[in-house]
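Please read the following walk through the model with the sequence and the coordinates side by side.

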Amino acid sequence: MLMFHAICFENMTETVNGPTEDSAEAQKRPQFGTRFLTDPRQVFQHNAWDNVEWSAEQEQAAQKKVQENSQPLPAEKQEEFDNRANEYWNDFYTIHENRFFKDRHWLFTEFPELAPQQKPPQEAEENLINGEDVPSTHNDAVFPGASASYRILEVGCGVGNTVFPILKTNNDPGLFVYCCDFSSTAVDLVKSNPEYDPSCCHAFVHDMSDASAEYPIPDHSLDVIVLIFVLSALHPQKMQNSINRLARLLKPGGVLLLRDYGRYDMAQLRFKKGRCLSDNFYVRGDGTRVYFFTQDELHDLFSSAGLEKVQNLVDRRLQVNRGKQLTMYRVWVQCKYRKVLLPPQNQDYMIPARC
């Protein structure tokens, strides 16, 4: 129940790049878990319980908690956090570097699209939509990873917690991984990692919310785009244009993978008064910002960008500190959306105009 939150907030294991799971047991759990709490008396038997149902009382208490702390900060203060966002993220990575980040061991269970692909090299038809040429919007004939047959982009890569496990695990010779972050400090840390290999990885600084910032990749060239606890850091008004631009980078049939904070997650309920920017959008003590999504909000963002739903799930997790007898309720949303393959009759398909 929510009464546990008050005593567990300071003991949660979390970073601004998303929560981490302490136990090897939690890291190795099956996809979305098979461990269900049927007897509340057994709550401390394991470190985590999957798909925990909330009672009506618990949901109401969460709504009340959010409403109590929903008074937004003055507009001038909000503008300051927006203008200094880059500074706050660089400060964050300068202070913490990569000391407390952990590999995301659940990556290949939840997102098998990131695992090795048994695919033959793609021929020229990869640049076609229903047999018609798709013009590239990239100025250069050659771009990083141009000869690759399977291309993955992670936006908001941080210090490489997703990128390096992919490079280590996925031995597909046709693989090329792109990764970018708003923070130049984070990208420098990725490039300085001994596992960084420019022959199969390209790290670059990029603000996904900046409509004028070009990606170093042609449209219709990516097989997978990964967003892990990053879309929530954007101002809500900038999310749709950001997703629209990413959708254009995907090949027809390419997928966008997302894992992010869900509404009434423990991280949202721990915010006190004076931290709210707008509905469900907050600023942390270090100046970085975070939004908490519903499934419908994410579906609207992706479908408006021309993507079709493959998966849109809420992962309600009950994490347990057995030593301290504490419980922590987490709410995350996990999505997979695919770029639509147009039916043959739609030969008059037009490439969307840039935002």
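Two strands are said to pair if DSSP finds at least two bridges between them, and the helices (H or I, at least four residues) and strands (E, at least two) named below are DSSP runs, numbered from the N terminus. The model is a predicted one, in which local features need pLDDT of at least 70 and side-chain atom pairs count only at pLDDT 80 or more, while totals for chains, interfaces and linings use all residues. Residues are numbered from 1 along each chain as its sequence is written, and side-chain values use heavy atoms, with hydrogens and water left out.

The protein has 11 helices and 15 strands. Of its 355 residues, 52% are buried, where buried means under 20% relative accessible area, exposed over 50% and partly exposed in between, with a 1.4 Å probe and protein chains only. Among the contacts (heavy atoms within 4.5 Å) with a separation of 6 or more, 77% come from residues 24 or more positions apart.

E9 pairs with strand E6 (residues 150–155) in the parallel sense over four bridges, and here glutamate 154 stands opposite valine 226 in E9. E9 is also joined by six bridges to strand E10 (residues 250–261), again running parallel, with leucine 222 opposite leucine 250 in E10.

In the loop between E9 and H9 lies phenylalanine 229, which has a positive phi of about 50° although it is not a glycine. Phenylalanine 229 counts as buried because its relative accessibility is 5%.

Helix H9 (residues 239–249) is mostly covered as well, with nine of its 11 residues buried; among them are Met239, Ile243, Asn244, Leu246 and Leu249. How do the axes of H9 and helix H11 (residues 295–304) cross, and within what distance do they come? The axes, which are lines fitted to C-alpha atoms, for helices over the stretch in contact, with angles running from 0 to 180 degrees between N-to-C directions, come within 8 Å and cross at roughly 45°. That angle is why H9 is oblique to H11, given that angles under 35 degrees count as roughly parallel, over 145 as roughly antiparallel, 65 to 115 as roughly perpendicular and the rest as oblique. From H9, the residues that make the contact are Met239, Gln240, Ile243 and Asn244, and from H11 they are Asp300, Leu301, Phe302 and Ser304.

E11 pairs with strand E12 (residues 281–283) in the antiparallel sense over two bridges, and cysteine 276 has tyrosine 282 in E12 as its bridge partner. The loop between E11 and E12 holds asparagine 280, which has a positive phi of about 65° although it is not a glycine. Asparagine 280 counts as buried because its relative accessibility is 13%.
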